[in-house]
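Please read the points alongside the sequence and the model.

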Amino acid sequence: MVLRRTGLPHCFRFFRLLWPLLEGLMTYRRAIFLLFAPLLLSLLPGDYLAHAIDPRFELDPAMLQRKLPPKAAPISPAKKSAIPRPGPGETAYRVKRGDSLTKILMRDYGMSKGGAKAIIPQILRRNRISETGRLSAGSHIILPIPEKTAKSASRTIRSAKKGSRKAAGREIVAHRLSLFNGTTETGSHGIERARLVWEKLLPEEHVSTEAVSIKGNNYSLELDPVRFPQFPAADGGKILIEAGGNLSPLVRSLIQQHDPKTRFVTYTPHNQKLFLATLLSAAGFYSVEEDFSVAFGADPILTVTTEFKVENDSNSPLQHDIFLFNTGSRSGGFPPVLTEYMARQGFRVIDSNPSGIIESTPVNGAVSVITDKEPSVMADKLMSALNLGYVKEKEISLLSIGDGGVGLRVKADRYFEKNGEKFVVSVFRGDPEHYTLLRLLETQRYHVIMLTPEEDFRSVSGKILSQLRLPSSYAMQELIASGDIPYTIRMSGIMLRTPDNRGKIFLTATRPDRIITDLLELNGLKINDSQDEVVRK
């Protein structure tokens, strides 16, 4: 019998012919059928089995057991349009391709480069942008600029750039415009301090007191020199300070068209340091460093701190042309002795607060310099610094004649009393009898301080102060450390308080330099380099 591939019914006819044979085999030998079933199936002509199920609809059992992911919740329209909302005095801006914060503020809102840099940190915090300040095109940011001012800024800038296109014969009509925003307060105190600094930084340039006057073909502009003073820049440009309010973008554009090198700086009376930092940044100096500090010496250490360090050019360190100054917020300025010392070190100090210089302070402590090598001399000066009235070569009765008819008196090198207690200071030079007698004094409740010829000041002071139950740590101590003055002094020694706890007593084995001595005395510390002994006879 010949089978042809003429369709699926032929396959059913073939199975109908083979069914009796298969039934017999299943009846008698079911196992034989199972054995030959694969062979019989393989005899089927063509791909009839392939036509039974389309491969596209075949299913893997593992796929049926796999769990489908949960269906995502629909996004609400509010989340799709999550645009930050500006608050009072703010405006929203949509970022364009190639935008940066500086470019946006200068191009669209008429700010100078210095003014833009001054408010960029506030924009970064408001929009939670990283310090790199990278912006994504299409995103929205909030700017601390009133909405009305922001809307009019671009229009006024465009109109200023286009200029007046009216015919020359037409009537010119004057309109009253709001050319600046702000109060009439000029903050002259802070401006005068900046002027004082500027005269030192750029002595060859004149800080103009004349009004800014600009005349065009069809307009004239004049600014009050008190409310809008003008400072020279280090690179030849000009800086216009907005001390009486912020100029409108139209006025800024007209000024920059007349002189493209003009920069604008907004005066901040509540933050003098920020104002000076912005002013120095706009001036184009070679180097400007904030919160500068420099240390001189190893022991003692004089550290001078200033809010600004300015260099005019790369040769400033070689020409001793490095300027240091503060904003005047500190109550104490640079004393003349420190200014002269800094000049010898290559630094030119500008004191913007001469009235805050401390000429002298009432004595509230003492510094005792003890550089001797003999232990007994060191002990004498130490006891004098502590105001201990001591007696030299005092004979102390250890046993009286009435006690068994034997009298014994011991000679002490130094003897003093404090708070009802008795103290003996003696230098032991190897005599065993002397050593035994000193130990006998201890049995009579004497505090014996035994020194040896090889001991230095640190060891001698440690023994005496420990017996007096006073601090005896010899380390670097802060002699002058105050936020009101631009310098600190640290020195190795022992710091103690006076008995009334109002002053300080400093003991050291290091002789300070002249500048250190002058500054210590200026701050109320008396220097005792060879103090006389206080001896009670």
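In this predicted model, helix H15, which spans residues 514-522, is largely enclosed by the rest of the structure, because seven of its nine residues are buried. The buried residues of H15 are Ile515, Ile516, Thr517, Asp518, Leu519, Leu520 and Leu522, and what covers them includes both strands and a helix, as set out in the points that follow.

**Helix H15 and its surroundings**

- Among the elements that cover the buried residues of H15 are strand S11 (301-311), strand S14 (365-369) and strand S19 (475-480), and the cover also includes helix H11 (336-344), strand S20 (487-497) and strand S22 (525-528).
- H15 is followed by Gly524, a residue whose phi is positive, with a value near 85°.

**The chain as a whole**

- The secondary structure of the protein chain comprises 15 helices and 22 strands, and 40% of its 537 residues count as buried.
- When contacts between residues at least 6 apart in sequence are considered, 59% of them join residues that are at least 24 apart.
- The protein chain has an accessible surface of about 33,100 Å², and carbon and sulfur atoms account for 53% of that area.

- Six cavities of 30 Å³ or more are found in the structure, and the second largest cavity holds about 60 Å³ of space.
- The second largest cavity is lined by 10 residues, of which Arg193, Ala194, Gln272, Leu276 and Thr327 are the closest to its centre.
- Helix H8 (188-201) and helix H10 (272-283) each supply at least two residues of this lining, with H8 giving the most, at four residues.
- By residue class, the lining of the second largest cavity divides into four nonpolar residues, five polar residues and one charged residue.

- Arg195 lies in helix H8, and because its relative accessible area is 14%, under the 20% cut-off, Arg195 counts as buried.
- Beyond its neighbours within four places in sequence, Arg195 is in contact with Val207, Ser208, Thr209, Pro229 and Phe231.
- Ile239 lies in strand S7, which covers residues 238-242, and with a relative accessibility of 0% Ile239 counts as buried.
- Once neighbours within four places in sequence are left aside, the residues in contact with Ile239 include Pro229, Gln230, Phe231, Pro232 and Ala233, and also among them are Trp198, Arg263, Val265, Leu279, Ala282 and Ala283.
- The C-alpha atom of Ile239 is separated by 8.5 Å from that of Lys261, a residue 22 places away along the chain.

**Aromatic pairs**

- A search of the whole structure finds 10 aromatic pairs, and in one of them the rings of Phe296 and Phe347 have their centres 6.5 Å apart and their planes at 80°, so this pair is edge-to-face.
- Because Phe296 lies in strand S10 (residues 287-296) and Phe347 in strand S13 (residues 347-350), the pair ties together parts of the chain that are 51 residues apart in sequence.

Definitions and conventions: Residues are numbered from 1 along each chain as its sequence is written. This is a predicted model: local features need pLDDT of at least 70, side-chain atom pairs count only at pLDDT 80 or more; totals for chains, interfaces and linings use all residues. Side-chain values use heavy atoms; hydrogens and water are left out. Buried means under 20% relative accessible area, exposed over 50%, partly exposed in between (1.4 Å probe, protein chains only). Contact means heavy atoms within 4.5 Å. Accessible areas come from the Shrake-Rupley method with a 1.4 Å probe; for residues, only the protein chains shown count as cover. On a 1 Å grid over the protein atoms alone, a cavity is a set of points where a 1.4 Å probe fits but cannot get out, and a pocket is an open set with protein on both sides within 12 Å along at least five of seven lines; lining residues have an atom within 4 Å of a point. Grid points are joined across faces, edges and corners, and a volume is the space filled by probe spheres set on the points. Ala, Val, Leu, Ile, Met, Phe, Trp, Tyr, Cys and Pro count as nonpolar, Asp, Glu, Lys and Arg as charged, and the others, Gly among them, as polar. Rings of Phe, Tyr and Trp (its six-membered ring) pair if their centres lie within 6.5 Å; planes under 30 degrees apart count as stacked, over 60 as edge-to-face and the rest as tilted.
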